[in-house]
Amino acid sequence: GYRDGGKVVTIADSANPNQASYRMDVDELARWTASRGYSS
């Protein structure tokens with residue numbers, strides 16, 4: 001999901017049952033994915 005005009009995304013993480021979803025700023029998400037070798 002998205003909020004704040006698309007600047008915040010909701011991440012669904014089935015790997016962590018204690019925190020099944022959380023929100024993240026899209027800039028933070030871009031840095032996170034880049035640090036793991038993903039790109040689009």
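Q: How far apart are the closest N and O atoms in the salt bridge that R3 forms with D4?
A: In this predicted model, R3 forms a salt bridge with D4. A side-chain nitrogen of Arg counts when it is within 4 Å of a carboxyl oxygen of Asp. For R3 and D4, the closest N and O atoms are apart by 3.8 Å.

Q: How many salt bridges does the count come to by this rule?
A: The pair of R3 and D4 forms a salt bridge. By the rule with the 4 Å cut-off, the count comes to 1.

Q: Is R3 buried, partly exposed or exposed?
A: Buried means under 20% relative accessible area and exposed means over 50%, with partly exposed in between. The relative accessible area of R3 is 38%.

Q: Does D4 count as buried, partly exposed or exposed?
A: Exposed needs over 50% relative accessible area. D4 has 49% relative accessibility, so D4 counts as partly exposed.

Q: Which residue takes a positive phi in the hairpin of β1 and β2?
A: This hairpin has 4 residues between the strands. A phi near 55° occurs there, and the residue that takes this positive value is D4.

Q: Is Y2 buried or exposed?
A: Let's turn to strand β1, where Y2 lies. Its relative accessible area is 68%, and the cut-off for exposed is over 50%. Y2 is therefore exposed.

Q: Which residue in β2 does Y2 stand opposite?
A: β1 and β2 run antiparallel, with 2 bridges joining them. Leaving out residues up to four places away in sequence, Y2 touches V8 and V9. Of these, the residue in β2 that stands opposite Y2 is V9.

Q: What is the C-alpha to C-alpha distance of Y2 and A15 in space?
A: In sequence, Y2 and A15 are 13 residues apart. In space, their C-alpha to C-alpha distance is 21 Å.

Q: What is the order of the strands in the open sheet?
A: The open sheet has 3 strands with antiparallel pairing. β1 (2–3) and β3 (21–25) are the edge strands, each pairing on one side only. β2 is joined to β1 by 2 bridges and to β3 by 5 bridges. The order is β1-β2-β3.

Q: Which residue in β3 does I11 stand opposite?
A: β2 and β3 run antiparallel. In β3, the residue opposite I11 is Y22.

Q: At about what angle does helix α1 run to β3?
A: Helix α1 covers residues 26–34 and lies across β2 and β3. Its angle to β3 is about 95°.

Technical notes
Residues numbered from 1 in each chain as written. Predicted model: local features only at pLDDT ≥ 70, side-chain atom pairs only at ≥ 80, totals over all residues. Heavy atoms only, no water. Pairing = 2+ DSSP bridges. Contact = heavy atoms within 4.5 Å. Axes fitted to C-alpha atoms, helices over the stretch in contact; angles between N-to-C directions. Buried < 20%, exposed > 50% of the residue type's maximum accessible area, 1.4 Å probe, protein only.
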